[in-house]
Each structure stands twice: as structure tokens, then as C-alpha cells.
Amino acid sequence: MDDAHKGTMPPISLADVRTARVTPEEALALHAEGRPGKLEIRLTKPLITARDLSLAYSPGVAEPCLHIARDPALAYDYTSKGNFVAVVSNGTAVLGLGNLGALASKPVMEGKVALFKRFADVDGIDLCIDTEDVDAFVNAVRYLGPSFGGINLEDIKAPECFVIEQRLRELMDIPVFHDDQHGTAIVAAAGLLNAVHLTGRALKDTTIVINGAGAAAVACAELMKAMGVTPRNVIMCDTKGVVYRGRTEGMNQWKSAHAVDTEARTLSQAMAGADCFFGLSVKGAVTPEMLRAMADKPIIFAMANPDPEITPEEAKAVRPDCIIATGRSDYPNQVNNVLGFPFIFRGALDVRASTINDAMKVAAAEALAMLAREDVPEEVNTAGAGAGTSLRFGPDYIIPNAFDPRLISRVPVAVARAAIASGVARKPIADLGKYARALAGRLDATANAMELITERVRANPRTVVFAEGEEEKVIRAAIAFHNSGYGSPVLVGREDRIRATLLTLGVPLPEGITIRNARNSDSNRRYAEYLYARRQREGFLLRDCQRLVNQDRNVFAGCMLALGDADAVVTGVTRSYAVALEGIATAIDPAPGGVMFGLTLLLARVSGTVFVADTAIHERPDAATLAEIAVQSAAAARRLGHEPRVAFLSFSTFGDPKGHIPGSLREAVRLLDERKVDFEYDGEMAADVALDPALRARLYPFCRLTGPANVLVMPGLHAAHILTKAVPRLTSGTAIGPLLMGLSRPVQIVPMDASVTQLLDMACLAAHAAIAR
Ligand SMILES: NC(=O)C1=CN([C@@H]2O[C@H](COP(=O)(O)OP(=O)(O)OC[C@H]3O[C@@H](n4cnc5c(N)ncnc54)[C@H](OP(=O)(O)O)[C@@H]3O)[C@@H](O)[C@H]2O)C=CC1
Ligand SMILES: CC(=O)C(=O)O
Ligand SMILES: [Mg+2]
């Protein structure tokens, strides 16, 4: 290890890179699935009764209109303006794909809106404006301005983007931010600060070659210089070669501002001896030979999307001493503006900033850089179980991961503080500590936890049996599992049938997926003898066991798992839950002392994630079972990042109304009192009481729960089923599960109508449980 890398983890071998590669077919399928695209609009106020209508629409709506007419600032109080950003493009520079036009840019713009929501709870809408005329574009955005709290310009080519942004900034009183310029520059600056530090350089002495002289490149050059890089140390190149002083061909005023006196005329010549390379151009623009000529410990940011100027594998092959970053999420060090724009706008919107100025940009870059130097919390450091791949500040971790839950409470605060200090905040925040704490609550813990789970599985791939391997959606899920880097899928089924289905799908069987035919597997004898040993005193003959192994794929899969031929099983699309479980249970026992039950995660928009149990096994659980279900559910909630508050649900609350209250619920509470568990619980209570602390405070102030219940233990299977089936359909929420809990080996049984995505999620959860064993 060289000096600069001392004290950090050894670089991750690129052979070990945890990939989440997706195929073009998968990408198209995702966009076409269900409601096409990635966005919809939801209501934040009820519109159910005539009264609701009168309040939200005519005549009630006249009131906020009149108030806003008198005082425009009230638009922030009475409308969605303050949390609403327009993502605007004309499609002239879509990623690194070139001028695809406004319509074809829509998937990227919808994607940016989705990222705004997912990472920073900023609402947005894509506006794809079909003109390359600067005046027409500026007018379109300008006149739509009143609807929005901010304008995020995206994928507009240089040099028009500079003029458009400048003019809109002058015309509008809300932040106008060209993400490809400033978002990219901020994130690249953060990465550079850390890479320079790790390689023992000083920013002012670092020489940088930027390939590309468009939106992203010019903004990067400007911010790097503002942060301390010496202007003459930056050489910019474009399709015509080096942007040198005196060049006339293909120039514009923005390039001229960065033209330098140099003998170099080509990218190769510019790269000789350079410390750092920024790629903001197109796929494959850099060759291994160019990297070979760079200085020691070169810093290579190949940021073109979707494919970088050079891949990390190619770069490491010629320069093992380099620090390499790309714009992609499937390599270490993702230098991508996704780390910037959601959090920068969050901070700017929250202080009602009139603009996003340089102080705010520098604050964001420094906050990002500093976060990467901090210890990565255990739950983020999901690669911890993979030897030598811990996320720790070093050459393979110079910038935080986009899923790092600390980003939301760090970057917006830094941006807000800078906005206040520089005088552009129209609503300064007095207590930034309190603001930081409130920001953390904007993220859904489950969404983050699920991502961390997938990361951990990628770092520790497992062999998962897909028991119903002849089904098309199961085959698709197995391929996705393999392509996501989660491990090695095993499809149980007849090879000719599986291959025929693959043929109709038009995909070859990826290496790494195996097919096991239960009828003629070499292991059948071993499996049958295993079953016979378990069941011989229950009236089973060896030939009965043989038949079960040959004919029931769940039994076969269960035997594979029991005898160590696989790490986990996923099944359920061809048999009812009970039948699938019976097959599995023939070969696999419940965990010693545990209780088997189903746990369903309801991801509701308003209340966040709620865990519901038992949604699969016990029709009328007794008190001891209910208590154990509560204990295991609370533990599962904690693993997914939620501090559990368990409510035992009934039709009644603490004896009111009177009736036949299941005594088992009260007895379960008493049993937990005896066990002195370390989580909150109470009951019995009705669902509204469980979920509404205000109601509880009025009517049942003695209740021990300190917030809305997030683990609902149901009195019986009927109620659990009705709740978990009805809620997603009534609220457009999502249900994950039931997750099968309490089995001695990791098995997940999906609902029969499960989608490919649900199958994949459950296989991933099963693989995760296998790692935890
Ligand atoms: N990782 C990230 O977060 C981000 C990455 N990017 C990537 O940066 C790239 C540029 O985007 P953007 O600035 O918005 O686009 P622009 O259209 O504004 O600029 C493109 C620039 O690339 C130059 N270029 C094209 N091909 C080559 C080549 N073979 N060699 C040298 N220069 C070349 C063009 O040269 P000329 O001026 O001669 O036409 C132009 O200066 C894209 O790949 C994009 O995906 C952009 C934003 C964020
Ligand atoms: C990431 C991004 O915005 C781009 O490549 O254009
Ligand atoms: Mg872009």
C-alpha cells in the first residue's frame, strides 16, 4: 500500500465489485409495468364529501386566491409551491446520448423527479419543452414560474444552457439551477477534495484535464478554480482537441474563458503528466495509453453517462495506483449529480432562498466531502461482511453512497446555513439543529433499509432456489437476481421447458444460473432418505418420500436447503400459500422455540411503514403465540430501521365497548410484562387508537405507547388478511410480504399473483436471511 493509502482499507478488487447490472429488457419492462412511467400525482387533502369539495374547490378556494393576490408570499402557505420543483429540459444533451429531443428526454426527467422525491421529499414535475429556440424556451419556463418553488434545468446542451440559465435567473425570483452544470460541479468538487487529500496533493498544484467543454465541463472548471485550483493548471478539450488560447474553430465565450497557453493540441498530449482527468464528454473518449502517461496516483473521474469515458476495469488494468470514479451506481465512487440536486433544493426551498449562489454550492461540496471522511454507520456499512470491502474513507470510497441516510440531514443544513449567511434566505431557520433532526424524518426508513439489504446481499451472494423454475416470471426473476449480483439462482424444473421459455423471451441462459430437474436429479436418493429418516414414524415409506421428492418441487427445494445444497428458497406462484408451506415444512422445521408466522410490511404514504402480523399462519393465535409474534415482529422492525411500538389490535380499546374481547390479547400484554422486553407495547386497542396518538391522549392517556403504533399484532388471520389486502388497494400503498418468520431455514413464499419484482425482492430477503444465519 502506498503512503497516501495508508490507514484505509485495501482497494476493492474490481473482480469483487458488487454489480447491479440491468439488461435493456429489464429497464424497458420496469418503465412499461403497471401505470407506465415513474410518476403520478396524489392528493394531500380529502376530496370525499360535498363539504370537502366546497373547502378545497369552489367556493372555499376563493379565500386563498384572494389572500395570495394581496400577498404573493402566502402562496408558500396555501399551495404546494414551496415544495414543488420543475425539472425542465428540451432534450438537447440527454445524458451523454446527445440531442434526443424533448419527448425522448422524458424518462430521464421523470427519473430526476423520482430522485427528488426519494432522496429529499421534494415534489416535482417534468416539463419537456419542445424547442431549441432560446427565447421560446426562456419564456415557457418564465411564465410557468408561479407554480414552482424552484427550477431544475436538465440536459440542455451548451452553450445555450448558459444563456438560458442566466436569463431565467435574472427574470425569476426562485432558484434556477442547471443541474448538469452546478450539481455535477458540486459533486465532482467533493470527490476531488477527497481524492486530492488521499493522494497527498494540494488543490492549487493539481493539474486537471477536462474532456468536454460543455455544460458540465465549464461549470466544473469554474467551481474547481473558485475552490482553489490554479487556472493555468486546467486544460479543457472538446471534439476539436485542446481549448488553447488563440484557437478559433468551434469556440464560444464560455470555452474562451478557460482557454490556456499550452503547446498541447490533442487530448493525449494534454494528459501527459496530468494529475487528474475529468471526463464530461462521451463513452470511450479516453484510451488506456492516455492514462499510462498520467502522473503517479492519477485521479480519474470518468463521468459520462450512461457509459464512462473509460471503465474502471480498463483504468485499473493500466493504472492500479489510480483513484477512479464514474457517474454510475454499479461501481465504487459514484460521482453523479444525484448526490447534489435533491439535497441542495431541499435546503434552498426550506429557507425560501431566492437563488442558489456560490456560497451554497461550496457549502454543499464541503458537506459531501466531509461526510465521506466520517465513519460509516453500521447500517450503511453493509459491505462489512465481505472481507476487505468495508466502506471506509479511501480510494474506493471518496464520496458518500447515494443511499446514505445521513445525506438528508447534512447537505440541506449546510446549504440552508450558507443561504442564511449570504443573505438570500427569505425565511431563515433559527434552530438548524432542530431542522436537521426534522429532515431525517422525511425519509422512509424501510426504503433505505431495503436498499441496504440489497447491498449486503450483493457483497455476500447466496445460492437461492427458485422452486417453480418453469414459470416465465420465475425465470425472469432468477435472471434479474443473477444480473443484480445477488448470487446464483437454481431453477427447479425441466430443462427443455425452461429453455423453450427462454427462447420465447429471447434471452440466453446466463452462466451462473443452474437448472435442477427434480425427477432425475442425482441427489434424489439422498433427499428421499433424509425425508424418510424424518417421517418414517409418521406412516411414510421410503417410496412415499421418493415420490414426494420427485413430484413436489417445494419438497425438493426444501431438501436442497436442508442438506446444504442451497442457502435459501423462494416459491409460491403456482400453489396456495398453505400448500407451498406444507411442501416446504415436509423438509424444514420451525426454528427451535420460535413461532412461525407471516409478517407483512404496509408501506403507506401518510404513516410510513407499518408491520402487520400474523398474516399467514395462525387463524386464532393464543396468548403465548401472540406474545412471541410481537417479540419477533419488533426485532424485524428494528432490523429495518424502525423503533417498534407494538399494538395488539381488537375491535375494542381497553375494555370499551364491552363485548367478547379476546382475552388472549390482554394475556399477551401480561406475558410481555413478565418477559421485560425492550420495546413499547400495549393493548388491546382499536386500530384508530393505535395509529392516532392525539386520540389516545384524549381518551386513554394511560396508554404506554409514545407515538403511532408501527407494529400491529392482529387478533386473528381474518382481520390480518383483510387489512393487508385492503390497504394497498384503498390507499395506493405497497405491501411487502407476508415474510415467513420463524422457520429454521430461509424460505419465502410469495403470493400467487406476485410480480417479477416481488419475486426478486423476496428472493433477496431470503438471501439476506441466509447471510444473517
Ligand atoms: N456524472 C454526472 O453527474 C454527470 C455527467 N454528465 C455527463 O457529461 C457529459 C456531457 O454532458 P453535458 O455537459 O450536459 O453536455 P453538453 O452537450 O453541454 O457538452 C458536451 C461536450 O462534450 C464534448 N464532446 C463530445 N464528444 C467528445 C469527444 N469525443 N471528445 C471530447 N469532447 C467531446 C462536446 O464537444 P464540442 O463542444 O466540441 O461539441 C461538448 O463540449 C455527458 O456524458 C453527461 O452524461 C453530465 C452531467 C452530470
Ligand atoms: C447525471 C446527469 O445528469 C447526466 O449524465 O446528464
Ligand atoms: Mg443531466
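This is a predicted model: local features need pLDDT of at least 70, side-chain atom pairs count only at pLDDT 80 or more; totals for chains, interfaces and linings use all residues.
L599 has A613 of strand 16 as its bridge partner.

A further open sheet has five strands in the order 13-12-11-14-21, and its pairing is parallel. Strand 13 (514-516) and strand 21 (747-749) are the edge strands, each pairing on one side only. Neighbouring strands of this sheet are turned against each other by 20 degrees on average, direction ignored. Strand 11 (residues 462-466) runs parallel to strand 12 (residues 487-492), and five bridges join them. The bridge partner of R462 in strand 12 is G487. In general, strands of a sheet pair through backbone hydrogen bonds, either parallel or antiparallel.

**Domains**

The protein chain is divided into domain 1 (3-14 + 182-443), domain 2 (54-174), domain 3 (454-587) and domain 4 (597-742). Domain 1 is written as two segments, 3-14 and 182-443. Between the C-alpha centres of domain 1 and domain 4 there are 46 Å.

**Ligand 1**

There are 26 residues around ligand 1, and A213, T239, K255, S281 and N337 come nearest. By class, the residues of this shell divide into eleven nonpolar, eleven polar and four charged. Domain 1 (3-14 + 182-443) and domain 2 (54-174) each give at least three residues to the shell around ligand 1.

Oxygen atoms of ligand 1 have polar backbone atoms of G96 at 3.1 Å and of A158 at 3.0 Å. A backbone N or O atom of A215 lies 2.9 Å from an oxygen atom of ligand 1. On its own, ligand 1 has 920 Å² of accessible area, and the protein covers 82% of this. Helix 8 (179-198) and helix 9 (215-226) are the elements that give two or more residues to the shell around ligand 1.

**Ligand 2**

The residues around ligand 2 are L95, K112, E154, D155, D180, N305, N336 and N337. This shell has one nonpolar, three polar and four charged residues. N337 is also listed among the residues that come nearest to ligand 1.

The polar contacts of ligand 2 given here are made by side chains. D155 has a polar side-chain atom 3.1 Å from an oxygen atom of ligand 2. For D180, an N or O atom in the side chain is 2.9 Å from an oxygen atom of this ligand. A polar side-chain atom of N337 lies 3.0 Å from an oxygen atom of ligand 2. Taken alone, ligand 2 exposes 210 Å², of which the protein buries 87%.

**Contacts with the two ligands**

The table lists the contacts described above.

| Residue and part | Ligand atom | Distance |
|---|---|---|
| G96, backbone | oxygen of ligand 1 | 3.1 Å |
| A158, backbone | oxygen of ligand 1 | 3.0 Å |
| A215, backbone | oxygen of ligand 1 | 2.9 Å |
| D155, side chain | oxygen of ligand 2 | 3.1 Å |
| D180, side chain | oxygen of ligand 2 | 2.9 Å |
| N337, side chain | oxygen of ligand 2 | 3.0 Å |

How values were computed:
Residues are numbered from 1 along each chain as its sequence is written. Chains are lettered from A and ligands numbered from 1 in the order in which they are written. Side-chain values use heavy atoms; hydrogens and water are left out. A residue is near a molecule or strand if one of its heavy atoms lies within 4 Å of it. A polar contact is a pair of N or O atoms within 3.5 Å; within protein, one must be able to donate a hydrogen and the other to accept it, and residues adjacent in sequence count only if both atoms are side-chain atoms. Accessible areas come from the Shrake-Rupley method with a 1.4 Å probe; for residues, only the protein chains shown count as cover. Helices (H or I, at least four residues) and strands (E, at least two) are DSSP runs, numbered from the N terminus. Ala, Val, Leu, Ile, Met, Phe, Trp, Tyr, Cys and Pro count as nonpolar, Asp, Glu, Lys and Arg as charged, and the others, Gly among them, as polar. Domain bounds come from an automatic or database domain assignment. Two strands pair if DSSP finds at least two bridges between them. Axes are lines fitted to C-alpha atoms, for helices over the stretch in contact, and angles run from 0 to 180 degrees between N-to-C directions.
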